[in-house]
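This report is written for someone meeting the structure for the first time. It begins with the whole chain and then turns to selected places within the fold.

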Amino acid sequence: MSLIPEGVKIYFGKTLNKKIAIENRVSEIFKKNSYNLIELPIYEYYSDLEESFSDTMKKNMFKFVDRDSGKMLALRPDMTSLLAKLMKLRKDEMIFPERIYYNGDVFRYQNIKSGVYREISQAGVELIGTKGFRADIEIVTMAIDVMKGLGLEKPKLEIGDVRILNRIFDEMDIDLEEKNELKELIAKKDIPTLEKLVEKKGYDKIVLKLPLAIGGKEILNEFSEYGTKELTEIVDYLDKLGYNENYVIDLGIVKDMGYYTGIVFNGMCSKAGDFIINGGRYDKLMGFPAVGFVVNIDAVTEIVDYLDEQEKNGYYIIGNDYTKMFDAKNKYFNIGARVEISTLALTVLEEKKYAVSKGFKYLVDTNTQKVEEI
């Protein structure tokens, strides 16, 4: 038998229970905020996806040919682009603003030496059909609430706005290739290479400040001529609503997804080696105003410990008479309890040890008619 492909995942036992508990907790927060679940296809026409992504992301898609039509297909690299197509196809069925959430995997080729998966579990929300700071605040505060609800240590959002970066580039009057080169260096915060490029090309030195534009609201003052009004309004409200400890400004955020048009943000916390959350506003992708975010379920599963410590529950049934054991099973099964009949030929002590390892709360001995909490 060959090994499983690199970059895929197997969740099992306690780790799977923890992942499910995380997904359930996130979904519960979404539902309480009036978001409705949607299921999306796992693959799509590559031609419908490619215009929404950077060159890097397009290279990292898993592509294959539809043997019937001969068209190129791709496993979904993210959920939002597929949701955008659905909204265009089903817009007559929508009542705006539409609040939608989803769970599922996305697929991207990534260097496995970096320790990341190529199959990524996500949960996300999209608020579609409304613009302005109320919608942005709803999404941003919910992203923070999700991290808090998962018990993550020191949750914080990095918040930026792609309009500021775009206005700087527009004033520099540079072409797309030059913009992408600058974005890549800003995203990497590669200051030495960026300095050399700015000097060589004669670019405005304001570009050099972007990778280091990280901190409190005072940073926005230095970039006010490039339009910081919208971002200032958002963080002012975060302060008023009690989230002042849960955000930091970062004007050097650059996303691989090329569809963002306004605020952008990344969620992080102590112990996390990767972003827990990423999102922002993308008004052009769907043909409607829209803002949302995704939660990296895999990243959360790796750092959260307490959610896999499930409370002991259920009944483990032992005995010599299978009919009595089956009757006992039905008794507890019919009241909604978790039940397992022993298939082992062990001593009572060994059966009890097994039941404890499987997380059962009670041992039912049909030989003695005793129910013991273990």
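**Overall make-up**

The model shown here is a predicted one, and the values in this report should be read with that in mind. The protein has 374 residues, of which 46% are buried, and its secondary structure consists of 14 helices and 16 strands. Taken along the principal axes, the C-alpha atoms fill a box of roughly 85 × 55 × 45 Å. The protein exposes about 20,400 Å² of area, and carbon and sulfur atoms supply 49% of that. When contacts with a separation of 6 or more are considered, 65% of them are between residues 24 or more positions apart.

**A strand covered on both faces**

Which strands does β9 pair with, in the parallel sense and in the antiparallel sense? Strand β7, residues 156-161, pairs with β9 in the parallel sense over three bridges, and within this pairing Leu 157 has Tyr 247 as its bridge partner. Strand β8, residues 214-215, runs antiparallel to β9 and is joined to it by two bridges, with Gly 215 facing Ile 249 as bridge partner.

**Backbone details in the loops**

Phe 96 and Pro 97 are joined by a cis peptide bond, with omega at about 0 degrees, and Pro 97 lies in the loop between α4 (80-89) and β5 (98-107). Ser 34, a residue other than glycine, has a positive phi near 75 degrees and is found in the loop between α1 and β1 (36-37). Lys 271 likewise has a positive phi, near 80 degrees, without being glycine, and its place is in the loop between β10 (263-268) and β11 (277-281). Lys 271 counts as exposed because its relative accessibility is 63%.

**Charged pairs**

A search of the whole structure finds 18 salt bridges.

| Pair | N to O distance |
|---|---|
| Glu 138 and Arg 99 | 2.9 Å |
| Lys 179 and Asp 170 | 3.7 Å |
| Lys 209 and Glu 222 | 2.8 Å |

The salt bridge between Glu 138 and Arg 99 links distant parts of the chain, with Glu 138 in helix α5 (residues 133-149) and Arg 99 in strand β5, 39 residues apart. Glu 138 is partly exposed at 21% relative accessibility, and Arg 99 is partly exposed with a relative accessible area of 22%. In the pair formed by Lys 179 and Asp 170, Lys 179 is partly exposed at 21%, whereas Asp 170 counts as exposed at 51%. For the salt bridge between Lys 209 and Glu 222, Lys 209 lies in helix α9 (residues 206-209) and Glu 222 in helix α10 (residues 219-222), so the pair ties together parts that are 13 residues apart in sequence. Lys 209 is partly exposed with a relative accessible area of 39%, and Glu 222 is also partly exposed, at 45%.

**Asp 105 and its surroundings**

Lys 9, Asp 105 and Asp 298 are linked in a network of salt bridges. Is Asp 105 buried or exposed? Asp 105, which is found in strand β5, has a relative accessibility of 18% and therefore counts as buried, the cut-off for that term being under 20%. The side chain of Asp 105 makes a polar contact of 2.7 Å with the side chain of Ser 121. Beyond its neighbours within four places in sequence, Asp 105 is in contact with residues including Lys 9, Arg 76, Met 79 and Glu 119.

**A nonpolar patch on the surface**

Ile 4, Val 8, Ile 10 and Phe 12 form a nonpolar patch on the surface, and together they have about 450 Å² of accessible area. Phe 12 is found in the segment before α1 (13-32), and it counts as exposed because its relative accessibility is 70%.

How values were computed:
Residues are numbered from 1 along each chain as its sequence is written. Side-chain values use heavy atoms; hydrogens and water are left out. Patches are made of residues with over 30% relative accessible area and no salt bridge: like charges are joined within 9 Å, nonpolar side chains (Val, Leu, Ile, Met, Phe, Trp, Tyr) within 5 Å. Accessible areas come from the Shrake-Rupley method with a 1.4 Å probe; for residues, only the protein chains shown count as cover. A salt bridge is a side-chain nitrogen of Lys or Arg within 4 Å of a carboxyl oxygen of Asp or Glu. Helices (H or I, at least four residues) and strands (E, at least two) are DSSP runs, numbered from the N terminus. Buried means under 20% relative accessible area, exposed over 50%, partly exposed in between (1.4 Å probe, protein chains only). Two strands pair if DSSP finds at least two bridges between them. Contact means heavy atoms within 4.5 Å. A polar contact is a pair of N or O atoms within 3.5 Å; within protein, one must be able to donate a hydrogen and the other to accept it, and residues adjacent in sequence count only if both atoms are side-chain atoms.
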